[in-house]
Each structure stands twice: as structure tokens, then as C-alpha cells.
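Hello,

Here is the structure I promised to pass on. My notes follow below it.

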Amino acid sequence: MSKAHYRKLAFLTAVVLMLCTTGIAQALSLPKVESHDLVSEGSRLRVSGPDAYITFEPYRSESSGRFLLLNLHIENLPDNLDAVPFELFFSALSPAPHAKTNDLVFDPRYRVRLSVARPELQSGETWFAVPLPDDRPPSSQLRLDFERCADCSIEVLSHPKVVLSAPDDMTIAKITRIYNGVNKLDKEGLTLPLTNWELHDMEGDLRSLSVTGLDPFMTSPVIDISTKDLAGIAVTLSRTQVANSDYLDFQLFYATEHHGFRADASALVRVKAQTSNQYRFFIPLNHLSEEQPADHIVERIRFDFLPEESANLWRIKAVKAINKAQMADYQTLTPPQILINKQQRAGKRQLLVNVMKKIINDLAFTLFYLLLLASTAVLFWRRFKI
Amino acid sequence: MQRPLNNRQFLVLALGAAVLLRFLLMPFFAHVDLFSEYRRVYYVLEQGLYFDNAHRPIVYYIEMLFAWVSKLFVDAPPALFDLPDPTQSVASLTDYGFFLNDPQVFRYLFIFKLPYFLFDLGVVWMIWKFVDNPTHRKIAVLLWLFNPVTLFATYIFGRFEVISLFFLAATALQLKHDNNLSACILFALSLHCREINLLFAPFFLLALIDFKDAWLRNLFVVGFASITIAVILILPSWLWPKLGGDLSLFVDPRATHSNDAFNKLLSLGYYWFYPVIIGLASLAIYAWEIGDRAHAERFVITSAIALFIYFGFNVHSVHYAAWLTIFPILCIQYQKRVVLPFVVFSAAWIILWLLKTDGGVFTLFLAAPLSSDFIGMGYFPGWYNQHIAPRGLDLHQAIQIMRALFLVIMGFFAYRVLQRNTEVRTS
């Protein structure tokens with residue numbers, strides 16, 4: 001073979017090698033994601049259900065990477081959406097031994113709520129970085145949920161990657177909330193701080209509150225309490241002026257990982273106005289973990305004062321999350337007039353247990369009632385046998 | 001060889017089972033109406049306003065007496081029955097929620113229903129005395145004690161219909177014994193229990209006529225009875241203000257319809273009003289035509305038919321069906337074969353209300369005293385819409401069909417009551 005032939009052969013080999021290398025690189029860079037409530041349309045994913053998300057195993061450049069790099073292109077976003085919300089779950093749970101599906105389950109206690117400006121997802125450079133919490137649990141799998149994106153068409157342009165630091169010119173997603181575990185209650189419960197509460201139609205601080213409007217309430221900072229051992233919330237407060245109504249109503253709202261503050265997730269208590277103006281009561285929340293659908297985290301609580309016709313003055317002395325182990329001590333502080341609005345329902349067995357507990361709770365009546373049934377049966381039977 | 005039960009053994013066995021059944025239901029079920037009723041009663045006891053012309057004074061005073069006695073056993077927290085505005089005395093779900101969650105809720109329900117229980121047994125006694133034939137008597141008592149309609153109305157829904165029915169049964173018994181004055185008084189008292197009883201007034205007066213007597217004497221009897229009933233009917237409205245009573249304690253001034261009994265009767269919803277008028281007028285003629293029969297028989301038969309006409313064309317609440325029970329049962333005394341229509345009526349009533357219920361009247365909402373988790377459960381129309389309606393018969397059509405069938409069953413009842421007297425057989 002002549003030199004020219006060798007050159008041609010070398011050139012062709014180089015071209016083939018180049019093509020192969022490029023192909024492999026391209027093949028390697030193809031994102032590998034699993035999807036839920038999304039249908040594949042070529043390289044795109046179209047939202048097809050209410051719970052659209054992708055799960056993936058990111059490339060890791062650093063074992064303790066602090067940023068997740070995502071390259072997404074999203075079309076058909078709602079017109080009024082300037083910042084696109086996402087939720088990133090970063091702790092996959094081991095599948096249960098008898099799980100019916102192979103879908104990964106992600107722990108709702110470990111997630112990041114974030115948003116990205118709309119233009120970043122639709123034109124030009126579509127990479128953005130999501131800061132990840134330090135000291136997060138190890139997990140090879142991540143899940144990205146698409147919020148408020150009912151008609152979206154999504155293209156994952158590159159495989160997600162975890163890196164130690166984000167490039168300087170890269171957009172950093174705005175983090176609206178980080179969940180990195182929960183506060184577990186020890187056997188003594190947890191006294192909530194009385195600082196950083198948000199006030200509505202009230203002014204001052206919790207040790208000296210004055211009502212300024214018709215809808216006074218105070219909202220706690222993020223508390224992220226695990227419901228696993230949560231028995232309820234105990235509140236101690238006093239009124240620094242004489243009550244002008246016979247009864248006082250208070251309402252406790254609780255926001256969980258599933259919902260914000262809403263009327264059907266609240267407890268209303270009515271207490272008699274005391275001449276001492278000292279109030280201490282306990283509001284049970286044990287149903288959150290014991291009934292279905294369970295809530296795992298109480299993120300915040302809100303305490304409403306009803307009705308407040310006049311400018312009243314209040315002093316919050318303590319707000320405490322009570323452990324189930326303390327239930328017996330606090331049960332007596334539950335006001336007789338309490339109305340618990342809840343989204344949970346007890347299962348058949350739990351419902352039966354709850355019913356029996358409620359009946360036995362009035363022990364004197366239960367004994368009387370059983371005696372009445374037994375004596376009635378005996379009386380009629382004896383009369384029948386004569 | 002086993003001997004059949006004698007009358008005493010039968011009564012003891014039936015009563016024993018019935019009493020136990022009632023005790024098992026009493027503390028655990030209720031509709032919000034029962035709580036509203038006793039909120040008014042406790043308000044009166046608390047305020048000492050005993051001479052208010054409440055909606056149904058007889059029922060009201062009976063309930064008040066029991067509530068007053070119950071205070072010896074129950075320490076009702078004032079907040080629970082607090083009624084800031086008596087003109088808005090129907091309890092909200094929030095107020096009812098407080099009541100349901102009260103640790104003593106089972107005591108309250110048991111005590112609230114005690115007067116109903118006693119009057120219920122009183123009706124048994126009336127039936128026992130009214131029906132002469134031992135076999136017929138047993139059938140009548142069994143129908144009363146174990147029919148699902150009065151059990152539901154009294155012990156599950158928690159309404160006072162049995163008090164009204166007791167006075168009607170007592171009226172019939174007095175007529176049977178020719179104690180016309182006692183019958184007049186008892187009938188007038190029944191009018192203070194339920195406005196519907198006004199429907200029977202013409203037939204009661206017609207039943208007092210004795211066609212063997214001179215017309216002048218009959219005129220006197222009917223006139224005297226009318227005056228007696230009218231006086232007893234209007235007595236509270238006349239007397240209570242003189243005793244310092246406030247006539248409008250629980251009357252909502254913003255309510256559009258009147259509190260007057262006659263207006264209430266007319267303001268009830270009718271599917272079709274004119275057949276009711278035609279039917280009742282024809283019934284009056286029939287009452288005249290059977291003038292040779294005994295007073296009590298005429299009263300019982302015509303009152304039963306009046307109700308069949310009324311319920312055939314009327315929109316009614318679930319527990320009002322209890323009104324339909326007493327007169328057909330008393331008709332057994334006159335060899336009327338009412339067992340089969342009674343069974344069919346009970347079944348139709350259950351199906352109709354399973355379909356027609358809202359969230360509270362025929363659902364597990366009534367078990368909410370046991371656990372508030374029952375609220376929202378057992379709503380049959382939801383199940384129907386999910387499983388049956390997609391196959392072609394929508395809920396509205398199903399309700400209309402059941403209403404039509406209910407009318408047919410009223411006709412069946414009427415046919416059996418109007419039939420010539422025959423021997424009663426269990427169907």
C-alpha cells in the first residue's frame with residue numbers, strides 16, 4: 001500500500017474513532033429518568049396527571065456535592081407563572097418488603113421547595129443549580145416534582161449532576177423552603193420558642209399582645225415537628241383585662257407537609273371566661289399520625305382568638321408540643337368543649353378502639369349502662385320463666 | 001312437646017327484647033335536631049321562662065320535666081347548651097360538634113330520650129288495651145315494638161313523635177270505651193304535640209256522631225267537642241302572656257313562614273296538592289257513610305286513610321313516616337290485614353331514604369356521638385352515583401320511581417284498611 005493509502009486509512013480511522021467517541025459521549029449524556037404522570041412524546045415529556053415528577057440518579061462529581069445541576073426546557077407554562085415552582089425530594093426510602101409496586105418512595109421529611117424564573121427554562125442557557133442541604137441523608141436517587149404545570153411539555157436536556165460548587169455564571173434556583181428532617185419530640189415534649197411569630201390584627205410581642213383588628217391570630221415560625229410522637233399542643237396564656245363575654249373561643253390551625261392552614265385541619269375550643277383570666281389547655285393532635293391519611297410533619301401552627309369584639313390584651317406564657325408519653329398528664333387539660341376538624345379517618349379497627357375509649361371515658365355512665373342492660377335482661381328473663 | 005307462649009309470656013318476651021334493643025340504641029345515635037330541642041329546654045330552665053308558648057307545649061313540658069330531673073344526674077356545662085340568641089335556636093354544626101365531643105354525651109342522649117322511651121311503652125300499653133283478640137293483639141304489639149320506622153325516628157334520629165302518637169292512641173282507646181270527653185281532651189293535647197294531628201280533627205268530630213241518637217244530641221256532642229278542643233288548643237296562647245310568658249321566645253322574626261299550626265300544615269311541601277283535597281273530602285263522605293260503625297273504628301280507619309292520602313302526595317322529613325304507624329296498627333282490632341303493607345312500607349321507606357338522604361338524615365352522621373369519624377360516612381347517594389347511575393338509571397329518576405312506588409304502597413295500605421273485615425294472618 002502506498003503512503004497515500006495509509007494516509008486515507010488513517011484519516012478514515014480517525015473519523016470513525018471521532019464519530020464513535022462522540023456517539024458514546026452523546027449516549028452517555030442522554031438523561032436517564034423515570035417519570036410519573038408524564039407521557040413520552042419523542043424527547044419530550046408531557047404532563048398527563050396531577051402528580052407529575054421525574055426520578056433520576058444524578059452523576060456525582062463530589063461525594064458531598066452541594067449543588068444539583070439541572071438542564072430543563074419547559075414549554076406551555078401557565079401564562080401567569082413568572083417563577084416556576086418545583087419540589088426536589090432527596091431521600092429515597094428502601095422499598096417495603098411487601099410493596100405492591102416498584103416505584104421508589106421518597107421521604108417527605110427531606111425535600112426542597114424551589115422556584116426558577118420562567119425565562120431560565122424557555123430560552124438560551126437552560127442550566128440552573130439547586131442548592132442542596134448540608135448533612136442530608138445519603139441517597140443515590142432524587143425526585144423532581146413539577147408544580148402548577150398541568151399542560152407543560154418538559155425536555156430534560158442533560159443528565160442531572162451533583163457538584164461541589166455551581167459555575168459562577170449559572171442561575172441559582174430560589175429556595176423557598178428546605179425540609180431536612182424533623183424535630184423529634186423527646187419524652188419531655190418540646191417548648192416552642194415565643195419569638196419570630198407572625199401577628200395578624202395584633203401588635204406587640206407574645207408576652208404582651210394587643211388586638212388591633214377583627215381577625216387576630218398569631219402564626220408560629222417553622223417548627224417541623226414529627227407527628228410520630230406528637231400528642232398535641234398545650235397552650236398557657238393569660239388575659240390582662242377583664243373578659244367581656246361569658247365564653248372564649250380559640251382555634252388552633254396546623255399546617256403539615258400536605259396542606260397549609262385550613263378550617264378542616266384545626267381544633268376549636270370554647271372555655272369559660274375566668275375571673276383570674278388565666279387559661280391553660282391542651283389540644284390533642286395524636287390523630288395526625290394514628291389515622292389515615294397520615295401527616296408526618298407539623299410545619300407551623302396558628303393560634304386564633306375568637307371572637308374579639310374589643311381591643312384585648314393577651315400574654316402568651318408557653319406553647320408546648322406534648323409527647324404521647326405525656327398524654328396522661330395533659331389529657332385532663334383538654335377543654336370539655338372542643339371540636340377537632342380533621343382530614344384523617346380512623347381505620348375500622350382504630351375506629352372501634354376510639355369508640356370503645358370514648359364510651360369507657362364516662363366510666364360512671366358505662367357502669368350504670370351495663371348494670372341497666374344486665375338487670376333488664378335478668379328481670380325480663382325471670383318474669384318469663386315464672 | 002313445647003307449649004305455645006301464653007299472653008303474659010309473649011308480652012314479657014317481646015317487651016324484654018324491645019326494651020333491650022331500645023337501650024342499646026338510646027345513648028349512641030342522634031340527629032342535630034335533638035340537641036337543638038334540648039338546647040331550648042335548657043335555656044328555659046336556665047332563664048326560668050316557663051310560660052313561653054313554645055312550638056309544641058306538651059312535648060316541651062314533658063322534655064322540660066325530664067331535663068329538670070336529669071340535672072340531679074348530669075352536670076351539664078353551661079357552655080354546652082349556651083344559647084346566646086334564642087331566636088336562632090337551631091344548633092350549628094360547630095355547636096353540635098362541641099356537644100358530640102363532650103365526655104358526657106352518652107348520658108345526655110340517654111336522658112333526652114327517656115321521655116320518648118316511656119311514651120313508647122305507653123303506646124304499647126294502649127295497643128294492648130285497644131286490641132281485643134289475643135292473636136291480633138300480639139301482631140299489633142310486635143308491629144309497634146319492632147318496626148324500623150318508629151325505632152329510627154325515636155332512638156336513632158331522636159325525635160319526639162311517639163309522644164304525639166301516644167295521645168292519638170289514647171284518644172282511640174277512650175273512644176273505644178265511649179269516654180268522649182276524655183277522648184276530646186286527649187285529642188286536643190295531641191294537637192300540642194304535632195301540628196299534623198289537625199288533619200284528623202274533622203274525622204274525629206265525625207266519629208263522635210252516633211247515628212242512632214237524635215240529631216240535636218249529636219249537634220250538641222260535636223259542638224261541645226269542638227269547643228273543648230278549640231279551648232285547649234288556644235289556651236296556652238291566651239294564658240301564658242297573662243302569666244308573663246314571652247310568646248316569641250324561639251320564633252325567628254326573620255322566618256318567612258308562620259308558626260301557626262294550621263299554616264304549618266298547609267306550608268308543608270306537596271308534590272300534588274289537589275288530590276289531597278279531593279281525597280280528604282271523599283274520605284269525609286266515607287266517614288259519614290260508615291256511621292253505623294263504632295266511634296273508635298271510624299276514627300282509626302279514617303285517620304289512617306287520611307295519612308295515606310297525605311303521605312302519598314307530600315314531601316316529608318324522614319322521621320315523619322312514624323306518623324303512619326299507629327292507626328294501621330290499631331286497625332288490626334277491626335280485622336284489617338295490614339301486616340304485608342306494613343312490611344312493604346317499611347322496606348320502601350328505607351330504600352327511599354337511602355336514595356333521598358342528604359349528608360345527615362339517613363347516613364352514619366347519626367352515629368357521630370360514637371365518633372365524629374362517622375360524619376361523612378355511609379352516604380348512599382354517593383355510592384349510587386358511582387356504581388348504579390352510570391348503568392343508566394340516574395339518582396333523580398330512582399328517587400322519582402321510589403316516590404311513585406311509595407304512593408302505590410299508600411294505596412295498598414288504604415285498600416287493606418278499607419277492605420271488609422277479615423281474619424288477620426301474618427303474611
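In which loop of chain A does Asp135(A) lie? It is the loop between strand E11 (127-131) and strand E12 (142-146); strands are DSSP runs of at least two residues, helices (H or I) of at least four, numbered from the N terminus.

Before the rest, the ground rules. This is a predicted model, where local features need pLDDT of at least 70 and side-chain atom pairs pLDDT 80 or more, while totals for chains, interfaces and linings use all residues. Residues are numbered from 1 along each chain as written, chains are lettered from A and ligands numbered from 1 in written order, and side-chain values use heavy atoms, without hydrogens and water.

Backbone. Asp135(A) has a positive phi of about 55 degrees, though not a glycine. Arg148(A), also not a glycine, has a positive phi of about 45 degrees. Arg148(A) sits between E12 and strand E13 (153-156). The bond from Gln292(A) to Pro293(A) is cis, omega near -5 degrees. Pro293(A) lies in the loop between helix H2 (287-290) and strand E27 (297-306).

Domains. Chain A splits into domain 1 (29-180) and domain 2 (190-346); the bounds come from an automatic or database assignment. Their centres, over C-alpha atoms, are 36 Å apart. Three salt bridges are counted between domain 1 and domain 2 (a side-chain nitrogen of Lys or Arg within 4 Å of a carboxyl oxygen of Asp or Glu). Glu299(A) forms a salt bridge with Arg177(A), closest N and O atoms 3.9 Å apart.

Best wishes
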